[in-house]
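Subject: Structure handover

Hello,

Here is the structure for you to look through. My notes on what was found follow below.

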Amino acid sequence: PDILDGPLLQTIALGVILVAAGWLVVVGMVCAIRPELALAKLGRMGSTWPIQIGEHGLRALAGAALVVRADYSGAPHIFIIAGWFILLSSVAILVAPRRWHQAYSQYWAKRLPPVLVRFMAVPTFILAGVVACVAL
């Protein structure tokens, strides 16, 4: 039997995905209600090692959970592709100079208008719901 088929690992992966979906709902709420705060937080991404590791460590964990859960999801190919993309891009960002990530986040934080951030809440809510439902 494949190690990824174990019920404990599948339960953990599902839990990680559902927590990540919940996090997306919280992010969407901040974007909808306090877009200026969302932009300020975006501008801090990559500003310190704890923020960098926290952001991309958790992001990589969510990507790995998508890969593990893929065969039991309603969209296995999408979970595999998205999971590997999220995991590998997180690793790439972690090994790249942190100042690059910070400069990129500050670039967008300064240029995105708050009204656009507020509208971005809608696809964030949809993504959270779809990911959670498909994972189940």
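Start with the contacts. In the protein chain, residues 24 or more positions apart account for 79% of the contacts with a separation of 6 or more. Contact here means heavy atoms within 4.5 Å.

Two points on provenance. This is a predicted model: local features need pLDDT of at least 70, side-chain atom pairs count only at pLDDT 80 or more, and totals for chains, interfaces and linings use all residues. Residues are numbered from 1 along each chain as its sequence is written, and side-chain values use heavy atoms, with hydrogens and water left out.

Overall picture

The protein chain has six helices and zero strands. Read from the N terminus, the order is α-α-α-α-α-α. Helices (H or I, at least four residues) and strands (E, at least two) are DSSP runs, numbered from the N terminus.

The C-alpha atoms fill a box of roughly 50 × 30 × 20 Å along the principal axes.

Surface and charge

The accessible surface of the protein chain is about 8,400 Å². Carbon and sulfur atoms hold 77% of that surface. Areas come from the Shrake-Rupley method with a 1.4 Å probe; for residues, only the protein chains shown count as cover.

Of the 136 residues, 31% are buried. Buried means under 20% relative accessible area, exposed means over 50%, and partly exposed is in between (1.4 Å probe, protein chains only).

On charge, there are 10 positive and 5 negative side chains. The centres of the two sets lie 20 Å apart. Lys and Arg count as positive and Asp and Glu as negative, while His and the chain ends are not counted. Each charge is placed at NZ of Lys, CZ of Arg, CG of Asp or CD of Glu.

The aromatic cluster

Which residues form the aromatic cluster? They are Tyr 104, Tyr 107 and Trp 108. The count of aromatic pairs is two. Tyr 104 and Trp 108 form an edge-to-face pair, at 6.4 Å centre to centre with 75° between the planes. These two residues are four apart in helix H5 (residues 98–111), which means that about one helical turn separates them. Tyr 107 and Trp 108 also pair edge-to-face, because their ring centres are 5.2 Å apart and their planes are at 90°. The rule takes rings of Phe, Tyr and Trp (its six-membered ring) with centres within 6.5 Å; planes under 30 degrees apart are stacked, over 60 edge-to-face, and the rest tilted.

How much of the cluster is accessible? Tyr 104 is exposed at 53% relative accessible area. Tyr 107 is partly exposed at 38%. Trp 108 is partly exposed at 34%.

Ala 103 is also found in helix H5. Ala 103 is partly exposed, at 44% relative accessibility. Gly 43 is 60 residues away from Ala 103 in sequence, yet their C-alpha atoms are 8.4 Å apart.

Helix H3

Ala 60 sits in helix H3 (residues 49–69). Buried or exposed? Ala 60 is buried, at 12% relative accessibility. Leaving aside neighbours within four places in sequence, Ala 60 is in contact with Leu 87 and Ser 90. Ala 60 and Leu 87 are 27 residues apart along the chain, and 4.3 Å separates their C-alpha atoms.

Helix H6

Ala 121 belongs to helix H6 (residues 114–135). Ala 121 is buried at 1% relative accessibility. Beyond neighbours within four places in sequence, Ala 121 is in contact with Gly 28, Cys 31 and Ala 32. Lys 41 is 80 residues from Ala 121 along the chain, with 15 Å between the C-alpha atoms.

Thr 124 is in helix H6 too. Thr 124 is buried, with a relative accessible area of 18%. With neighbours within four places again left aside, Thr 124 is in contact with Leu 24 and Gly 28. Thr 124 and Trp 100 are 24 residues apart in sequence, and 25 Å apart from C-alpha to C-alpha.

Best regards
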